[in-house]
Amino acid sequence: MKRVLTIQDISCLGKCSLTIALPVISALGVETVILPTAVLSTHTMFKNFTVKDLSDQIEPIAKHWKDEGVTFDAIYTGYLGTIEQIEQIKTLIRTFKTEDTLVIVDPVMADNGKLYPAFDMDYVKKNAELCAVADIIVPNITEASFMTGIEYREEYDTGYIKELLSALNDLGAGISVLTGVSTQPGKTGVMGYDRSTGEYYTYQNQRIDASYHGTGDLFSSTCVGEIMRGKDWRDAMRIAADYTAHTIEVTLKNPKKPWYGVDFEATIPDLLEM
Ligand code: PXL
């Protein structure tokens, strides 16, 4: 069985980060080791959330794993807390990365043209450094525009997306995948660039006019799980995009849906069929 280490916060209530990554990757038949970077009462879209930073646990936990001879087939990072913490994670990646370890970075920090409450431009710069050591990065357009200094646009053409991908590629990652990309009216999906082949990959599915928290984490976690199941990165992105869209559709139909996240629990059986 493949073993993934995922490093992100636990938002106790909110359906995002580790409360998505752990069930989704595990359901795909992949051992999921977690390193919680902070415990929050909820994700940061709630008011008055509490936060306990766990930075001081990262080194002792990593040391214990190293002493135990633990290895990982992939290391997947998501929402992190501070610049210092990103530096710690870079060190951890250096410690555990072998030739066979895939590093997947989702530089979670922004959406819809805006940074999340806790972050500033220094944090953005540090996330770009983390992307430089990754095999695959999966930013959305907002995160890519912050990291590359290219103006954020809501209306764009494929030329703009290629410009962003080229600038992401310059950061140093192996494969850069932009999420939330719409290249045709009424559609949305992903566009990626593989530096080793110089090839682009575009996948579009039906756009659903609803925006939910945690869908980026659902997409990334599904990609990680599918790649660990042996799927090519392009197939993994396609399945993840379809699964995320399907989950949003199912959530929309639930009259009792919570405002803060999607009903991925209801759609995990569908993912296993995809
Ligand atoms: O879904 C991304 C995410 C993860 N973790 C926390 C967040 C967010 C997005 O806002 O607040 C704590």
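The buried residues of helix H8 are covered by several elements, including strands S8, S9 (175–181), S10 (187–194) and S11 (199–206), along with helices H7 (215–228) and H9 (264–273). Keep in mind as you look around that this is a predicted model.

Let us stay with H8 for a moment. This helix runs over residues 233–252, 20 residues in all. From its first C-alpha to its last it reaches 28 Å, close to the 28 Å expected at 1.5 Å a residue. Its buried residues are Trp233, Ala236, Met237, Ile239, Ala240, Ala241, Tyr243, Thr244, Ala245, Thr247, Ile248 and Thr251.

Two of those names, Ile248 and Thr251, lead us to the next stop, as both are touched by tyrosine 212. You will find tyrosine 212 in the loop between S11 and H7. Is tyrosine 212 buried or exposed? Its relative accessible area is 13%, and because the cut-off for buried is under 20%, tyrosine 212 counts as buried. Leaving out residues up to four places away in sequence, tyrosine 212 also touches Leu252, Lys257, Trp259, Gly261 and Val262. Take tryptophan 259 as an example: 47 residues separate it from tyrosine 212 in sequence, yet their C-alpha atoms are 7.8 Å apart in space.

Another loop is worth a visit. Asparagine 140 sits between strand S8 (136–137) and helix H5 (141–148). With 12% relative accessibility, asparagine 140 is buried too.

Finally, turn to the ligand. It is surrounded by 13 residues, of which the closest are Asp9, Ser11, Thr44, His213 and Asp217. The shell is made up of six nonpolar, five polar and two charged residues. Aspartate 9 places a polar side-chain atom 2.8 Å from a nitrogen atom of the ligand. Threonine 44 has a polar side-chain atom 2.6 Å from a ligand oxygen atom, and for aspartate 217 a polar side-chain atom likewise lies 2.6 Å from an oxygen atom of the ligand. How much of the ligand does the protein cover? On its own the ligand has 310 Å² of accessible area, and the protein covers 98% of it.

Technical notes. Residues numbered from 1 in each chain as written. Predicted model: local features only at pLDDT ≥ 70, side-chain atom pairs only at ≥ 80, totals over all residues. Heavy atoms only, no water. Helix = DSSP H or I, 4+ residues; strand = E, 2+ residues; numbered from the N terminus. Buried < 20%, exposed > 50% of the residue type's maximum accessible area, 1.4 Å probe, protein only. Near = heavy atom within 4 Å. Polar contact = N/O pair within 3.5 Å; in protein donor to acceptor, adjacent residues only side chain to side chain. Areas by Shrake-Rupley, 256 points an atom, 1.4 Å probe, with all protein chains shown as cover. Nonpolar A, V, L, I, M, F, W, Y, C, P; charged D, E, K, R; others polar. Expected span 1.5 Å × (residues − 1). Contact = heavy atoms within 4.5 Å.
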